[in-house]
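Hello,

Here is the structure we spoke of handing over. My notes on it follow below the view.

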Amino acid sequence: MTRGKRGQEVRTEVRVQLDYAVELARGASHIASTLAVPSLHAAITETVDSFVKTHGKADLQPFLKQLADDIGHRRKPDAAIAVRHYAQFGSLPPIPQPPAKRRRAKAAPVVAAVHKRNLPATPTGRKNVSGGEIAQTVERVVEYG
């Protein structure tokens with residue numbers, strides 16, 4: 001990077017910090033306070049829409065760069081990454097989907113058959129079933145389907 005170009009970038013950063021101090025503080029606070037990814041995306045969208053509505057798109061890129069830096073100083077790296085992604089691609093990063101929950105298998109027919117029988121209850125309230133009774137019930141279930 002040439003010396004002149006870097007100096008121009010520094011001047012732009014300082015100008016953005018001074019000209020948009022209120023918008024930067026409000027946006028950084030709003031975005032950093034989010035707890036979930038969907039609310040983070042909504043906060044970024046609201047901040048960008050508000051800035052564009054008030055100031056136009058001319059300084060949007062320097063504003064987003066400074067906003068990401070401010071959010072990074074608030075120790076919210078995921079939010080800063082999302083703002084940088086928006087600045088670079090013009091869209092928000094995809095929301096990660098949680099892994100699908102595995103469903104439990106239905107109870108085996110043997111268990112269902114044992115519980116349907118009227119067996120005497122023990123003092124704890126559980127049905128008193130011996131191993132022989134379970135084996136007979138299993139044979140009946142398998143035999144009759």
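Is Phe51 buried or exposed? The model is a predicted one, and in it Phe51 has a relative accessible area of 2%. The cut-off for buried is under 20%, so Phe51 counts as buried.

The aromatic pairs come next. Searching the whole structure gives three of them.

Tyr20 has another edge-to-face partner in Phe63, at 6.3 Å centre to centre and 90° between the planes. Here too distant parts of the chain are linked, since Phe63 belongs to helix α4, 43 residues from Tyr20. Phe63 has 0% relative accessibility and therefore counts as buried. Tyr20, Phe51 and Phe63 together make one aromatic cluster.

On helix α4 itself: it covers residues 60-73, which is 14 residues. At 1.5 Å a residue the helix should span 20 Å, and its end C-alpha atoms are 20 Å apart, so the two agree. Besides Phe63, the buried residues of α4 include Leu60, Leu64, Gln66, Leu67, Ala68 and Ile71. In an α-helix there are 3.6 residues a turn, so residues three or four places apart point the same way. After α4 comes Arg75, with a positive phi near 60°.

Regards

Definitions and conventions: Residues numbered from 1 in each chain as written. Predicted model: local features only at pLDDT ≥ 70, side-chain atom pairs only at ≥ 80, totals over all residues. Heavy atoms only, no water. Helix = DSSP H or I, 4+ residues; strand = E, 2+ residues; numbered from the N terminus. Expected span 1.5 Å × (residues − 1). Buried < 20%, exposed > 50% of the residue type's maximum accessible area, 1.4 Å probe, protein only. Phe/Tyr/Trp six-rings, centres within 6.5 Å; stacked < 30°, edge-to-face > 60°.
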